[in-house]
Each structure stands twice: as C-alpha cells, then as structure tokens.
Amino acid sequence: ISKYLLKKINCNFVMFEAIIPLRSKSRGLKDKNILLFKKRLNLVNFTIKKLINIKEIRRIYILTDSNIYKKKILNHKKIDFNYKRKKILSTNNSKIDNLIHDFLSSYNKDKTNNKFLLFQVTSPALGKNEILKTLNFIKKKRISSLMHVTKNLESPYEIIEMKNNKWKYLMKKRVINRQNYKGNFMFITGSMFYFTRDFFNKGRKIVNKNTYPFQIDRINFVDIDDKFTFELAKKIEDLKTRN
C-alpha cells in the first residue's frame, strides 16, 4: 500500500473521546441540565443522542457530581459514568481546567486516548453536521486545540460596562458611524472544544493563544442560563427542524 493510501486510511480512523461536564445546583435555572427539552429528551440526552451516532466518537464521559443526574441519562455502551467528580470541582467558582486535569490524571490515564472533545449541553443548537464538519477539519489540519466561535450579535462599540449606576464604553476609542466599525469580533461559544492530551498537559488548559478559532453559524449557538435562553433555544431548534 502506498504511503498516500496509508495516510488516508489512518486519517479516516481517527477516534475521539467526548467529555460532558455536568454540575448540579446551577444558579440561573435550577437543574437546567436535566430539564425536558425536545422530543421527550432532557437537555443532556438531547446532546448525547447526537454524539452516540457519530462513529468517530469512541466514548462519552459524564463528569458529574450528581447521582440523580446519572439516573436521568441514557444507558448506552459508549457512555461512561464512573468518574467521580469531587465537590471542590463542582462549585460555582470551579474551573473547567481543574476538572479536566483531575479527570485525565486520576481516571483517564490511558495515553492512547489522546484526542478529547468537550461539549456543553447548555448549547443544544449545535448540530450533528456542524460537529462532523469540525472533526473533519481537525483531522485534515492535524491541530492540537480548537474552540467554536461565532460572530458577535452586538458590536463591542455599542457595549457599556456598568458599576454603581455609572457606566463607560467597553471600547475606549469611539467610532461614531456603524459602517466605520473596525475589527472582526468573535465570541467563544463554549459549545465545543477540542484538545489533545499533550496540549493540555503542557499548560493544564484546554485553551490558550494557540487554540484554533473555528467559526460556526450563529444559529448553532445559544447558551442556556435562564428561562428566557432555555425557551429561545427551543425556538431555534424548531426553526432548524423546519428548515
């Protein structure tokens, strides 16, 4: 077999490990991760259903502090519930990087598992086709870290920061007319991240300045944090289904 064919075969057989962090006791919307969302599926199962049917994903690791959550999640041979998320890694101020470090160092020690995808179930509008497109890009470019980004809904030039009933413009240099706004501003959606074990171990972070910003359509993103964004996400899903 030629080197070209071997390279192509190896590329096609790249496998990924998926990580889904689920923290109970959310502030904005109580138990949002297990709220009924669409097609009689709760929010976490709505995401899992997409991932189960992606052949490039070998395992789906549920990183939760709640046994109640585990009972609400689909049973499938791809799903692994066995990691025990510590209380110190399940507070409102816990950092995702610390959680991933504990997961990789204490539970997922197999270094042949080198490619990880992290999904936030609170961004349910991310479609399967968009995930597959991202995986193909990762395999083709052989990158070590990636994050989903999308264009800002509002320009930073029109954003103000408020403190004690006083405010100031976020952008120090003002531009009067919208057509003169400069810069291609993007927002990190948080819907999906990719990183290799080697990339993470170097700085214990899933994102750094070398992370590739992979742009997705704005319709694929809404971050559920309260009742309004929850209902908005359902409306967007209806829109995508009709189209």
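# Exercises on pockets and burial

The second largest pocket is lined by 17 residues, and Phe46, Lys50, Gly127, Lys128 and Glu237 lie nearest its centre. The model is predicted: local features need pLDDT of at least 70, side-chain atom pairs count only at pLDDT 80 or more, and totals for chains, interfaces and linings use all residues. Residues are numbered from 1 along each chain as its sequence is written, and side-chain values use heavy atoms, with hydrogens and water left out.

## Exercise 1

Describe the volume and the lining of the second largest pocket.

**Solution.** 

1. On a 1 Å grid over the protein atoms alone, a pocket is an open set of points with protein on both sides within 12 Å along at least five of seven lines. Lining residues have an atom within 4 Å of a point.
2. Take the volume, which is the space filled by probe spheres set on the points, with points joined across faces, edges and corners. The second largest pocket holds about 370 Å³.
3. Find the elements. Helix H2 (43-52), helix H5 (128-141) and helix H7 each give two or more residues to this lining. Helices (H or I, at least four residues) and strands (E, at least two) are DSSP runs numbered from the N terminus.
4. Pick the main contributor. H5 supplies the largest share, four residues.
5. Sort by class. Ala, Val, Leu, Ile, Met, Phe, Trp, Tyr, Cys and Pro count as nonpolar; Asp, Glu, Lys and Arg as charged; the others, Gly among them, as polar. The lining has five nonpolar, four polar and eight charged residues.

## Exercise 2

Which residues lie closest to the centre of the largest pocket, and which element gives the most to its lining?

**Solution.** 

1. Start with volume. The largest pocket has about 990 Å³.
2. Go to the centre. Of its 38 lining residues, Lys32, Gln120, Thr122, Asp223 and Ile224 are the closest to it.
3. List the elements. Strands S1 (16-22), S7 (145-151) and S10 (186-196) and helix H7 (227-242) each give two or more residues.
4. S10 gives the most, with five residues.
5. Sort by class. The lining divides into 15 nonpolar, 13 polar and 10 charged residues.

## Exercise 3

Which residues line the largest cavity?

**Solution.** 

1. A cavity is a set of grid points where a 1.4 Å probe fits but cannot get out.
2. Count. There is one cavity of 30 Å³ or more.
3. Take the volume. The largest cavity has about 60 Å³.
4. Name the lining: Thr47, Lys50, Leu51, Phe119, Gln120, Ser123, Pro124, Leu126, Ile131 and Ser191.
5. Find the main source. H2 gives the most, three residues.
6. Sort by class. Five residues are nonpolar, four polar and one charged.

## Exercise 4

Why is H2 described as largely enclosed?

**Solution.** 

1. Buried means under 20% relative accessible area (1.4 Å probe, protein chains only).
2. List the buried residues of H2: Leu43, Val44, Asn45, Phe46, Thr47, Ile48, Lys50, Leu51 and Ile52.
3. Conclude. Nine of the 10 residues of H2 are buried, so the rest of the structure largely encloses this helix.

## Exercise 5

Which residues of helix H4 are buried, and what covers them?

**Solution.** 

1. Asp97, Leu99, Ile100, Asp102, Phe103 and Leu104 are buried.
2. Look at the cover. It includes S1, strand S4 (57-64), strand S6 (115-119), S10 and helix H6 (197-203).
3. Zoom in on Leu99. Its relative accessible area is 0%.
4. Find its partners, where contact means heavy atoms within 4.5 Å. Beyond neighbours within four places in sequence, Leu99 is in contact with Pro21, Leu63, Tyr83, Arg85 and Leu89.
5. Check one distance. Leu99 and Leu89 are 10 residues apart along the chain, and their C-alpha atoms are separated by 5.9 Å.

## Exercise 6

Is Pro21 buried or exposed, and which residues is Pro21 in contact with?

**Solution.** 

1. Judge burial. At 10% relative accessibility, Pro21 counts as buried.
2. List contacts. Leaving aside neighbours within four places in sequence, they are Leu63, Arg85, Ile96, Leu99, Leu118, Phe119 and Gln120.
3. Compare sequence and space. Pro21 and Asn45 are 24 residues apart in sequence and 13 Å apart in space, C-alpha to C-alpha.

## Exercise 7

Summarise the secondary structure and span of the protein chain.

**Solution.** 

1. Count elements. The chain has seven helices and 11 strands.
2. Take the span. The C-alpha trace extends about 60 × 50 × 40 Å along its principal axes.
3. Buried residues make up 44% of the 243 residues.

Note on methods. Buried means under 20% relative accessible area, exposed over 50%, partly exposed in between (1.4 Å probe, protein chains only).
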